[in-house]
Protein chains: 4
Amino acid sequence: MKPEIAKLGYVALVSSDLEKSLVFFKEVIGLEETEVIDGVHYLRAWGDFQHHTLSIEQGERGYVRHIGWRTKSKEDVHLFKEVLENKGVHVENVPAWETPGIGEAIRFKVPSGHTFEFYYDVKKPKAQEHRRSVLKNQTYKAWAKGISPRRIDHVNLHTSEDWQVTYTFFQEVLGFKLREYLKKDESSQILAGWMSVTPLVHDVALVSRQKDEIPTNARLHHLSYWVDDSQDVLRAADICREHDLPFCGPGKHSISQALYLYVSDPGSGCTVEIFTGGYLIFEPDWEPVAWNESERAFGNTYWGDSISKKELVKHTIEA
Amino acid sequence: MKPEIAKLGYVALVSSDLEKSLVFFKEVIGLEETEVIDGVHYLRAWGDFQHHTLSIEQGERGYVRHIGWRTKSKEDVHLFKEVLENKGVHVENVPAWETPGIGEAIRFKVPSGHTFEFYYDVKKPKAQEHRRSVLKNQTYKAWAKGISPRRIDHVNLHTSEDWQVTYTFFQEVLGFKLREYLKKDESSQILAGWMSVTPLVHDVALVSRQKDEIPTNARLHHLSYWVDDSQDVLRAADICREHDLPFCGPGKHSISQALYLYVSDPGSGCTVEIFTGGYLIFEPDWEPVAWNESERAFGNTYWGDSISKKELVKHTIEA
Amino acid sequence: MKPEIAKLGYVALVSSDLEKSLVFFKEVIGLEETEVIDGVHYLRAWGDFQHHTLSIEQGERGYVRHIGWRTKSKEDVHLFKEVLENKGVHVENVPAWETPGIGEAIRFKVPSGHTFEFYYDVKKPKAQEHRRSVLKNQTYKAWAKGISPRRIDHVNLHTSEDWQVTYTFFQEVLGFKLREYLKKDESSQILAGWMSVTPLVHDVALVSRQKDEIPTNARLHHLSYWVDDSQDVLRAADICREHDLPFCGPGKHSISQALYLYVSDPGSGCTVEIFTGGYLIFEPDWEPVAWNESERAFGNTYWGDSISKKELVKHTIEA
Amino acid sequence: MKPEIAKLGYVALVSSDLEKSLVFFKEVIGLEETEVIDGVHYLRAWGDFQHHTLSIEQGERGYVRHIGWRTKSKEDVHLFKEVLENKGVHVENVPAWETPGIGEAIRFKVPSGHTFEFYYDVKKPKAQEHRRSVLKNQTYKAWAKGISPRRIDHVNLHTSEDWQVTYTFFQEVLGFKLREYLKKDESSQILAGWMSVTPLVHDVALVSRQKDEIPTNARLHHLSYWVDDSQDVLRAADICREHDLPFCGPGKHSISQALYLYVSDPGSGCTVEIFTGGYLIFEPDWEPVAWNESERAFGNTYWGDSISKKELVKHTIEA
């Protein structure tokens with residue numbers, strides 16, 4: 001039986017200006033800080049259950065160290081290791097709790113060039129009492145600061161690797177299901193794919209880039225946090241404008257039907273998408289929705305501030 | 001390997017006043033009509049993909065004929081049949097397409113007394129062109145009429161059968177996972193359970209009733225349709241008030257964290273919950289959240305128009 | 001004592017394709033029809049109290065016949081006539097009820113070239129019973145169709161006449177107060193002014209155009225209807241996209257702080273702004289807020305789909 | 001010519017627990033502090049333009065010292081003094097700037113027993129730079145903390161004085177217009193009146209109480225702050241629940257059509273209504289909307305958490 005990923009876990013981010021990044025993620029985005037260990041800040045949204053969904057630390061430049069995914073069982077971590085090594089992928093073991101809150105893990109590079117970490121065991125620390133929700137099913141009180149999203153949602157990855165290799169790997173080895181995709185008008189070549197292991201339209205989007213566009217193959221375009229309501233995205237726009245941050249949105253994607261606002265962390269260069277709406281896929285026989293390259297602008301923007309024209313949304317960081 | 005349910009499919013409703021029910025479901029709730037065959041109206045929300053999520057027909061009294069669930073594969077329908085018959089459950093075969101849009105199916109009574117139908121094959125007819133969305137991933141244009149929900153969400157069932165029998169069956173035979181539950185303060189007796197096969201907090205809620213409260217054991221408290229935004233629930237309240245319909249809400253549940261509004265179809269007596277918000281469960285090791293009976297009022301209503309005091313929310317129909 | 005305007009009353013619109021205009025205003029915008037007399041359709045929003053806030057009829061081209069304003073008293077109509085004639089303005093008398101719902105009126109051209117009508121007496125017909133709100137203070141049930149705004153809000157007029165003449169006239173003769181304005185960076189020349197007789201930031205905006213830009217001097221850029229909530233503007237965007245109408249927005253103005261969406265009537269060419277938010281001016285010593293031409297883009301768009309770049313928002317009709 | 005009130009200015013509140021009140025008003029409601037002078041904290045909302053709309057200081061019990069109203073001109077302050085003294089009302093002069101931000105003023109008791117202050121001159125201090133909005137027409141950045149309302153809206157006063165005396169005085173001497181009112185079913189006796197000098201349905205509500213209900217005649221039921229969107233009221237409910245504060249709402253009034261949430265300051269006992277929606281009255285010949293006592297529950301609550309049943313909403317403080 002194939003091992004399975006349960007969900008996106010966390011992004012391990014490095015910032016060239018930690019102080020700025022902390023203001024951005026804690027005051028503007030409004031994440032909560034679980035703890036700080038050895039200079040690494042472990043953050044999560046008020047509705048996240050795990051120890052952290054973002055870690056951030058000082059470095060010489062802004063980049064993503066790795067992206068963590070939780071598997072469906074502990075056995076799946078071991079099974080994934082086997083499967084990967086059988087494919088010739090080099091797999092590194094990470095001792096349990098070396099990353100605070102994260103048990104025994106494996107780390108490896110996917111063909112898109114990104115480093116993934118798989119683990120099952122996690123800590124789910126309660127919030128400190130004065131910040132804890134009165135609800136048993138919610139970690140923190142909501143609305144403490146800034147945009148105040150509920151939970152991590154997805155990551156958007158760019159790569160200049162061969163699309164056939166990458167999409168095949170994500171689907172056949174990692175078990176992601178293709179939900180929607182953008183393709184060349186005249187061929188089956190995939191330019192971008194929205195994939196998930198959950199009923200979300202995507203836990204990960206993989207975007208193909210021309211080889212000469214970027215210096216390295218593995219880039220993060222954005223990580224995304226979920227808010228509950230459309231108006232929360234408008235409120236996020238107010239907050240970003242008042243903090244003098246460059247952003248794009250609000251708008252609504254045709255692909256996924258979700259509302260978006262993209263804003264950049266001035267410390268790490270990492271873009272965060274504030275995200276809501278969209279649809280869930282419960283049908284077991286979902287046929288991936290295909291969009292032609294000529295429909296790209298409409299696919300990206302059903303209405304609102306277009307993501308096609310903005311410098312911001314061309315920006316990625318090494319991942 | 002155990003067969004699995006993929007999702008709630010549809011509710012087959014009978015109304016003692018079909019005309020009133022059609023005004024309610026088509027004009028007030030704002031469902032779309034796929035087709036009418038032999039006097040049965042097949043309805044769905046603008047974001048539902050299957051042939052229908054509600055069927056409604058004239059009868060001598062209002063009741064639920066059965067509740068349809070889609071399995072994860074065709075094989076699962078057969079496997080469920082085996083499993084059920086091994087448990088001594090009488091299983092009826094329903095020929096493919098006898099119910100429009102629904103392939104080969106099995107029908108049986110669960111211990112709570114409700115009739116369930118399992119099937120895999122479905123038709124997913126496109127909307128007529130003038131009502132079709134310009135989006136490839138959306139069935140109809142939204143906002144055509146009334147409250148205009150996106151999709152079916154869940155059903156809430158009442159039973160006077162023994163809780164140990166029913167909850168065990170739902171979990172062990174049908175594969176539902178218990179997400180939250182209400183229990184006696186001083187014992188482990190479950191009074192109500194929220195269960196799902198998806199990351200939704202519940203696809204089905206099962207509420208235990210005193211044996212002498214109701215004439216038959218199997219009742220439907222409500223079926224629920226999802227709207228995307230909190231304000232849509234407030235807008236639904238405006239619409240219900242202007243249509244002079246009895247309703248309860250808006251309010252927010254502590255259990256599931258979802259926003260609610262309950263309104264009754266004057267034709268069938270069936271209550272519909274307009275529902276949004278809440279959280280998704282992606283953690284594979286979710287520990288069911290327990291609420292004591294003494295916390296029932298708070299569990300039901302985090303804030304808003306309390307569902308504890310209203311006649312409306314005591315109302316159920318035979319199912 | 002100076003005569004005073006109480007409020008914007010209505011816009012008398014002519015369409016070159018009445019049928020299309022009626023679909024637009026009744027189905028998409030969602031206005032209610034009070035009555036149809038001699039081929040003229042009298043429309044209003046569900047929260048408008050007067051007989052109509054928009055009249056629309058068939059003509060050879062799309063244009064605005066005149067813009068109606070209600071005065072604070074009947075005497076004010078006569079006083080305005082005196083004041084205007086003393087200024088050398090030609091004033092036409094319109095017999096009471098010649099325009100359905102509108103009593104004794106005067107009509108004249110303001111220096112910007114637009115035809116204004118002033119009246120006091122109005123009819124406030126109740127809605128037909130099945131469309132009437134259950135609320136005594138609301139004309140129709142809300143949310144019957146389309147975008148469903150609450151009430152008329154303002155008009156935006158373009159002119160190529162001398163700014164000193166027009167702004168002086170609007171303020172000194174008509175009694176509008178300047179609330180915000182856009183001016184040349186290096187001079188006091190006003191390029192656009194937002195003016196009101198109510199606490200709204202504007203009942204009328206007057207925008208100066210280069211003389212050679214347009215064939216005639218008097219143009220209407222848009223008329224505006226108010227919705228109560230931010231999300232209603234997003235819902236309007238969904239509706240406009242699904243009806244395949246060209247629109248601009250959603251976005252938020254810096255000037256007035258209001259949310260906007262601009263959409264064009266395909267029949268008359270008239271643009272409608274769906275509008276909410278913003279602030280009210282209750283201070284009696286309000287100092288007009290000045291924006292320099294170099295701040296124009298920010299003044300127009302605090303965030304969202306920019307109105308600076310769109311063809312749509314350059315479009316005006318004769319008025 | 002009659003002197004006129006321009007707008008509600010501020011409420012001078014005394015708290016028996018200043019520390020608690022400051023947490024409530026600054027952290028939960030989210031008001032900004034202009035300055036603290038002699039132990040009095042001067043607060044305002046992010047969209048208020050004057051020096052303060054609420055002052056709060058320590059005292060032996062919670063009560064309202066007086067309610068400030070800004071007149072339309074400086075002359076109006078003097079004219080009001082004349083008019084009041086001609087009616088036999090004792091008028092006290094308050095030297096300019098004795099109250100920070102407030103110029104020359106008069107103070108007097110209205111027949112309902114409440115102390116009103118009238119003034120024209122005000123200071124409109126800018127916000128400190130790091131809290132100042134990037135918008136020229138907005139005082140502070142919005143969304144800094146808590147519920148974060150835009151501006152003060154209205155006050156709700158209770159009295160046991162004769163209704164004919166009080167309503168006549170408010171209308172004929174003070175110039176308030178009656179917009180909606182609740183009356184005895186079988187007589188013209190007014191039980192509650194919603195009155196305004198602005199197009200808001202009410203700047204002040206006056207509610208008649210039985211003489212034996214309360215120890216003194218003049219009480220404040222609540223003061224109200226405006227938020228822009230319906231969802232902000234739901235967000236306020238989340239915030240109040242998480243801060244363990246007693247509240248009533250959300251709901252929608254039939255009278256005024258506004259959305260409400262009532263929450264009490266645990267320091268002073270003063271209730272604050274979070275308020276949005278509703279309609280504006282621009283018609284110069286508005287006929288007051290009459291509601292009979294038998295319609296009281298519906299008049300209070302169109303839908304939502306009823307204000308008729310709650311202890312909270314019976315609570316008033318001396319004023």
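Me: What do the side chains of Lys141(B) and Glu242(C) form?
Reply: In this predicted model, they meet in a salt bridge at 3.6 Å, N to O, the term meaning a side-chain nitrogen of Lys or Arg within 4 Å of a carboxyl oxygen of Asp or Glu. Local features need pLDDT of at least 70, side-chain atom pairs count only at pLDDT 80 or more, and totals for chains, interfaces and linings use all residues, while side-chain values use heavy atoms, with hydrogens and water left out.

Me: And how many salt bridges are there between chain B and chain C?
Reply: The count is two.

Me: Which classes do the residues on the chain B side fall into?
Reply: The side of chain B that touches chain C has eight charged, three polar and four nonpolar residues, where Asp, Glu, Lys and Arg count as charged, Ala, Val, Leu, Ile, Met, Phe, Trp, Tyr, Cys and Pro as nonpolar, and the others, Gly among them, as polar.

Me: How much area is buried there?
Reply: About 1400 Å² is buried between chain B and chain C, and carbon and sulfur atoms give 46% of this; buried area is the accessible area (1.4 Å probe) that two parts lose on being put together, summed over both. In chain B, the residues losing the most area to chain C are Trp143(B), Gln231(B) and Glu242(B), together 51% of what that side buries.

Note on methods
Residues are numbered from 1 along each chain as its sequence is written. Chains are lettered from A and ligands numbered from 1 in the order in which they are written.
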